[in-house]
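Student: Let's zoom in on one part of this model. Pick a spot, walk me through its packing, and then show me how other spots compare in the way you describe them.

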Amino acid sequence: MSANSYEKPDFWSRKAFSEGYPARSVYKLKEIDEKFGMIKKSYTVLDLGSAPGSWTTFLLRKLDGTGKVVSCDLNPLAKDVKGDNLVFIQGDLNEASVRDQIKQHGPFDLVVCDAAPLTTGNRTVDTARSEGLVEMAIWYAQTMLKPKGNFVVKIFQNGGQQAFLKTLRTLFATAKGFKPEACRAESFETYLLGIEKK
């Protein structure tokens with residue numbers, strides 16, 4: 001695959017645009033949901049690091065007017081991402097004021113996080129930044145997920161996956177890693193799942 005493959009719309013990107021999603025990342029969550037049954041109608045869902053809004057859009061469509069999606073990012077969502085059961089909070093997920101706003105809408109049946117760090121091209125730095133986002137997402141899962149709730153977070157491979165899975169096994173009935181087909185072949189991202197919070 002060419003070095004600039006990220007610049008070219010691939011099958012998943014074209015499919016996303018044709019189906020009204022802001023980005024190809026939607027198919028990662030779709031595959032995770034199809035395989036593990038993470039999302040059910042009437043759920044209250046927290047989407048961390050959500051811009052431009054593909055996962056939020058998928059969650060809204062899946063809930064079909066039921067439940068609620070609380071979507072949070074430093075950046076705004078794409079302008080056509082909207083819904084009567086959508087709450088968008090713009091801000092830093094590590095700030096106490098943002099955490100307090102989010103908490104008011106919980107507790108949650110599902111916490112998802114597809115946030116990616118600003119990458120430098122330095123694998124060590126990028127992996128460490130990814131780990132920081134995973135730690136943040138796990139904090140939200142620990143403090144705001146309902147019992148039996150589910151959790152999905154992106155991590156860069158070799159980024160302390162085993163240590164995080166060990167932590168997740170203390171919090172969830174099942175914890176595992178999973179790499180969806182829609183991840184780019186050259187990407188070193190994968191996902192950690194927590195199923196049924198204890």
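Tutor: Of the contacts in the protein with a separation of 6 or more, 64% are between residues 24 or more positions apart; contact here means heavy atoms within 4.5 Å. Keep in mind that this is a predicted model, where local features need pLDDT of at least 70, side-chain atom pairs count only at pLDDT 80 or more, and totals for chains, interfaces and linings use all residues. Residues are numbered from 1 along each chain as its sequence is written, and side-chain values use heavy atoms, with hydrogens and water left out.

The protein has 6 helices and 7 strands, in the order α-α-β-α-β-β-α-β-α-β-α-β-β along the sequence. Helices (H or I, at least four residues) and strands (E, at least two) are DSSP runs, numbered from the N terminus. Of the 198 residues, 48% are buried, meaning under 20% relative accessible area; exposed is over 50%, and partly exposed is in between (1.4 Å probe, protein chains only).

Now to α3. This helix is mostly covered, with 8 of its 10 residues buried: Ser 54, Trp 55, Thr 56, Thr 57, Phe 58, Leu 59, Leu 60 and Leu 63. Just past the helix, Asp 64 has a positive phi of about 50 degrees.

What does α3 pack on? Helix α2 (residues 26-36) and α3 (residues 54-63) have axes 8 Å apart and pack at an angle of about 40 degrees. Axes are lines fitted to C-alpha atoms, for helices over the stretch in contact, and angles run from 0 to 180 degrees between N-to-C directions. The two helices are therefore oblique to each other; under 35 degrees would count as roughly parallel, over 145 as roughly antiparallel, 65 to 115 as roughly perpendicular, and the rest is oblique. On the α2 side you'll find Val 26, Lys 28, Leu 29, Lys 30 and Asp 33, which meet Ser 54, Trp 55, Phe 58, Leu 59 and Lys 62 of α3. By class, that contact has 5 nonpolar, 1 polar and 4 charged residues (Ala, Val, Leu, Ile, Met, Phe, Trp, Tyr, Cys and Pro count as nonpolar, Asp, Glu, Lys and Arg as charged, and the others, Gly among them, as polar).

Glu 131, Val 134, Glu 135, Ile 138 and Gln 142 of α5 make the contact with Phe 164, Thr 167, Leu 168 and Leu 171 of α6, and the residues split into 5 nonpolar, 2 polar and 2 charged.

Finally, the rings: there are 4 aromatic pairs. Rings of Phe, Tyr and Trp (its six-membered ring) pair if their centres lie within 6.5 Å, with planes under 30 degrees apart counted as stacked, over 60 as edge-to-face and the rest as tilted. Trp 139 and Tyr 140 have ring centres 5.1 Å apart and planes at 90 degrees, so they are edge-to-face. Trp 139 is partly exposed at 29%, while Tyr 140 is buried at 0%. Phe 151 and Phe 172, with centres 6.1 Å apart and planes at 10 degrees, are stacked. That pair links distant parts of the chain, strand β5 (residues 145-156) and strand β6 (residues 172-178), 21 residues apart, and both Phe residues are buried.
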